[in-house]
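Have the structure open while you read, and go through the points in order.

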Amino acid sequence: MDLKGPHIASVTLAAYECNSVNFPEPPYPDQIICPDEEGIEGSISLWSIISKVRIEACMWGVGTAIGELPPYFMARAARLSGAEPDDEEYQEFEEMLENAETAQDFASRTKLAIQNLVQKVGFFGILACASIPNPLFDLAGITCGHFLVPFWTFFGATLIGKAIIKMHIQKIFVIITFSKHIVEQMVAFIGAVPGIGPSLQKPFQEYLEAQRQKLHHRSGVGTPQGENWLSWTFEKLVVVMVCYFVLSIINSMAQSYAKRLQQRFSSEEKTK
């Protein structure tokens, strides 16, 4: 889950605890504190939480849509210039086009289906690919660039799909998942696990109680305690994920550099 997800989850938990979404500004959105006048029990609706996080979620969708432009521009430039870019995804795309008739495995057929949908349906095909969680959407950008789909057709469909349709789907999913009764049921389900259930349930209950105390914290009152191993583990998990991401980038750059050296060496050997 990206950074948008935890923020929406925090707002959802706070809304049900405070019975309000009128959090004091500032410190919201950096910190969530219940307002002095809390709402009536049961007054929080799905729509009120959706409205509260609409701007943040929309900005996330716009950012992801902009992030899909590099594959499009790379493939478009390669098609117009006739040069072959040093990009693994683009090379895989060209190989897929060459072997389209002989593709047998599921992954290849899925990629071909996306390529055909984007190429034949156009705007609405791009919109469909952008509107659902789709790890292969880079392929749609490369396809649009390769077949010289107009920029505003590609970006317009991508923007609508990611910043409006997909954003609302993911936002509603997170809000429902972290609604009060669902969280309580999840904690109760953990406690029902035979043998280890109660020991696993306790840190989750302590964590949720610590979050409730923080939400009701007021100026002049001591900062509530209760940080436990659950939050510590989550923080360390985030650090590990960031380190893995950095190492994967370094590894990819090293592989690309080694490939270029090998191609240069092979071309030099042929010219001798």
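1. A residue is called buried under 20% relative accessible area, exposed over 50%, and partly exposed in between, with a 1.4 Å probe and protein chains only.

2. A word on what we're looking at. This is a predicted model, where local features need pLDDT of at least 70, side-chain atom pairs count only at pLDDT 80 or more, and totals for chains, interfaces and linings use all residues. Residues are numbered from 1 along each chain as its sequence is written, and side-chain values use heavy atoms, with hydrogens and water left out.

3. The overall layout is quick to describe. The protein has 12 helices and 0 strands, and reading along the sequence gives α-α-α-α-α-α-α-α-α-α-α-α. Helices (H or I, at least four residues) and strands (E, at least two) are DSSP runs, numbered from the N terminus.

4. How many salt bridges are there? The rule asks for a side-chain nitrogen of Lys or Arg within 4 Å of a carboxyl oxygen of Asp or Glu, and the count comes to 1 salt bridge. Lys162 pairs with Glu68 in a salt bridge, with the closest N and O atoms 3.8 Å apart. This pair links distant parts of the chain, 94 residues apart: Lys162 is in helix H9, while Glu68 sits in the loop between helix H3 (54–67) and H4. Are Lys162 and Glu68 buried or exposed? Both of them are buried.

5. Next, look at how H3 meets H9. The two pack at an angle of about 140°, their axes 8 Å apart; axes here are lines fitted to C-alpha atoms, for helices over the stretch in contact, and angles run from 0 to 180 degrees between N-to-C directions. H3 is therefore oblique to H9. For the labels, angles under 35 degrees count as roughly parallel, over 145 as roughly antiparallel, 65 to 115 as roughly perpendicular and the rest as oblique. H3 passes H9 in a right-handed crossing; a crossing is right-handed if the near helix is turned clockwise from the far one by less than a right angle, and left-handed if anticlockwise. In H3 you'll find Ala57, which is buried, with a relative accessible area of 1%.

6. The axes of helix H4 (residues 69–81) and helix H9 (residues 151–177) come within 11 Å and cross at roughly 160°. That is why H4 and H9 are roughly antiparallel to each other. H4, too, passes H9 in a right-handed crossing.

7. Ala77 lies in helix H4 and is partly exposed, at 43% relative accessibility. From its C-alpha to that of His146 is 8.3 Å, although Ala77 and His146 are 69 residues apart along the chain. Arg79 is in helix H4 as well and counts as partly exposed at 41% relative accessibility. Its C-alpha is 7.9 Å from that of Leu148, and Arg79 and Leu148 are 69 residues apart along the chain.

8. Please check the backbone at Asn19. Its phi is positive, about 55°, although Asn19 is not a glycine. Asn19 lies in the loop between helix H1 (4–18) and helix H2 (46–52), and it is buried, with a relative accessible area of 10%.

9. Val118 belongs to helix H6 (residues 106–121). At 1% relative accessibility, Val118 counts as buried. Val118 and Cys129 are 11 residues apart in sequence, and their C-alpha atoms are 8.1 Å apart in space.

10. Which residues make the nonpolar surface patch of about 750 Å²? They are Val238, Val242, Phe245, Val246, Leu247, Ile249, Ile250 and Met253. Patches are made of residues with over 30% relative accessible area and no salt bridge, joining like charges within 9 Å and nonpolar side chains (Val, Leu, Ile, Met, Phe, Trp, Tyr) within 5 Å. Accessible areas come from the Shrake-Rupley method with a 1.4 Å probe, and for residues only the protein chains shown count as cover. Ile249, one of the patch residues, is in helix H12 (residues 229–271) and is partly exposed at 36% relative accessibility.
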